[in-house]
Amino acid sequence: LGLPAASVESYITIKPAKAVIRTIPPMAGIEFKFNDQIYTSDEDGFVNFQVNMSGSFPLEVLPFDDDLLPPNVTMEFSRWNDNIFTPNRQIYFPRTRPIEAGFVFKYSVDQVFFDSTGALVDPARISAMTIRGIGRTYTFEQAGPIWLPANRLTRRIGERLESQEILYYFREIRIDGANVINQSQQRFRIQPDAVWPINVLLYSAHFSARAAMFNFPIGRGIALTYPDGHTEEFLFDTPNAELEIPSLARGSYSVTIIGGWGSALATPMHLSQDQSIELPMISYLDMAVLTGVPLLFALLLLFIGRPRILLAIRHPS
C-alpha cells in the first residue's frame with residue numbers, strides 16, 4: 001500500500017495454571033504420575049500441582065502398595081470422572097472441569113446361620129448363595145468368607161464422582177436343593193471382618209407308619225427323597241414305628257415306608273413348618289381282608305340263592 005514499515009515489541013508473561021486431582025473417596029498416599037513427575041495425595045485426598053503450558057499431558061495412577069492396607073481390605077482404581085476407565089490416560093490443559101480419580105474398596109465378610117429355633121446351622125450344608133447389591137448379583141457355591149465391594153461410584157452433574165455405600169440383601173440360600181430364605185428380607189451393610197447373622201428356614205418332621213386298615217405300627221423305617229432328588233433311609237427309633245428328623249430344609253419331599261409286610265406308595269410332603277406326618281401302608285392283612293370279605297360275601301349270596309349247591313357239597317353222591 002506504499003506505507004512505511006513498522007515494528008512493535010511487547011513482553012508477555014505466562015502464569016502457571018494451578019491443577020488439582022481429587023481422590024474419590026478421599027484417601028491419602030495415592031501416587032499420580034503427571035508429565036514424568038510423581039505427586040502424592042494429602043490427608044484430604046487432594047493433589048496440587050502447576051502446569052506451565054497448554055497441551056496434552058500423560059497422567060497415570062500408580063499401583064498402590066497393598067501392604068499399607070489391613071489384611072481384610074483391598075482397593076483398586078475404578079474410573080476417572082470424565083468416563084475414562086484406565087489408570088493411564090492423556091489429559092489436556094487448560095481445563096475448567098476438576099480431575100477426579102475414583103477407587104473401589106472390597107471387604108472380607110463371613111456368615112453365621114441359625115434355624116427357626118435359634119440353633120446354629122453347619123455352613124457346610126449351604127450349596128449356593130445369591131447376594132444382590134446395587135446393580136450387581138453375586139453367586140457363591142458355598143458359605144464362608146467372601147469379598148464384596150463396599151462402595152460404588154456414580155457420575156453426577158458437572159463430571160463429579162460420588163462414592164455410595166452398598167446395601168446387600170440375600171436373594172437365595174440353598175440347602176438340599178431348596179431355597180431356605182424369603183427373598184430380600186435379610187439386608188446388610190458391609191464392614192471389614194463383618195459376620196452376617198442369617199436365619200434359614202429349617203423345620204422338624206415327625207413320621208409314623210401305620211397299616212391302612214387296622215392302624216398298627218408297620219415297617220422298619222422310611223426312605224426320604226429330598227428336594228434335590230437324593231434319597232436317604234432312616235430307621236425307626238421306637239417299636240411304634242416312629243421317628244423325628246430335625247433341621248430339614250423348607251421344600252417338597254417324598255416319603256416311602258421301607259421294610260414293611262405290605263405295599264406302600266410314595267407320600268408327597270411339602271414342609272413349611274414343624275409337621276407330624278402319618279404314612280399309610282397296605283399290609284398283607286389289609287389285602288387279605290380287602291379280597292377275602294367280598295369273596296366270602298359273594299359265596300354267601302351264591303349259596304343262599306342256590307341251596308341245592310350247598311346240599312350237594314354237604315351230601316355228595
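Arg250 is partly exposed, with a relative accessible area of 22%; partly exposed lies between buried, under 20% relative accessible area, and exposed, over 50% (1.4 Å probe, protein chains only). The model is predicted: local features need pLDDT of at least 70, side-chain atom pairs count only at pLDDT 80 or more, and totals for chains, interfaces and linings use all residues. Residues are numbered from 1 along each chain as its sequence is written, and side-chain values use heavy atoms, with hydrogens and water left out.

Arg250 lies in the loop between strand 22 (242–249) and strand 23, strands being DSSP runs (E, at least two residues) numbered from the N terminus. Its side chain reaches the backbone oxygen of Ile181 at 3.1 Å. Contacts of Arg250 beyond four places in sequence include Val180, Ile181, Tyr203 and Leu271, where contact means heavy atoms within 4.5 Å.

Pro58 is placed in strand 5 (residues 55–61) and counts as partly exposed at 37% relative accessibility. With residues up to four places away not counted, Pro58 touches Lys33, Phe34, Asn35, Arg89 and Gln90.

| Pair | Separation in sequence | C-alpha to C-alpha |
|---|---|---|
| Arg250 and Ile181 | 69 residues | 8.8 Å |
| Pro58 and Lys33 | 25 residues | 7.9 Å |

An open sheet of 4 strands has the order 21-20-23-25, with antiparallel pairing; two strands pair if DSSP finds at least two bridges between them. Strand 21 (231–235) and strand 25 (267–271) stand at the edges with a single partner strand each, so one side of each lacks a neighbour in the sheet. Within the sheet, 5 bridges join strand 20 (residues 221–225) to strand 23 (residues 251–258), and these run antiparallel. Thr225 stands opposite Ser254 in strand 23.

Conventions:
A polar contact is a pair of N or O atoms within 3.5 Å; within protein, one must be able to donate a hydrogen and the other to accept it, and residues adjacent in sequence count only if both atoms are side-chain atoms.
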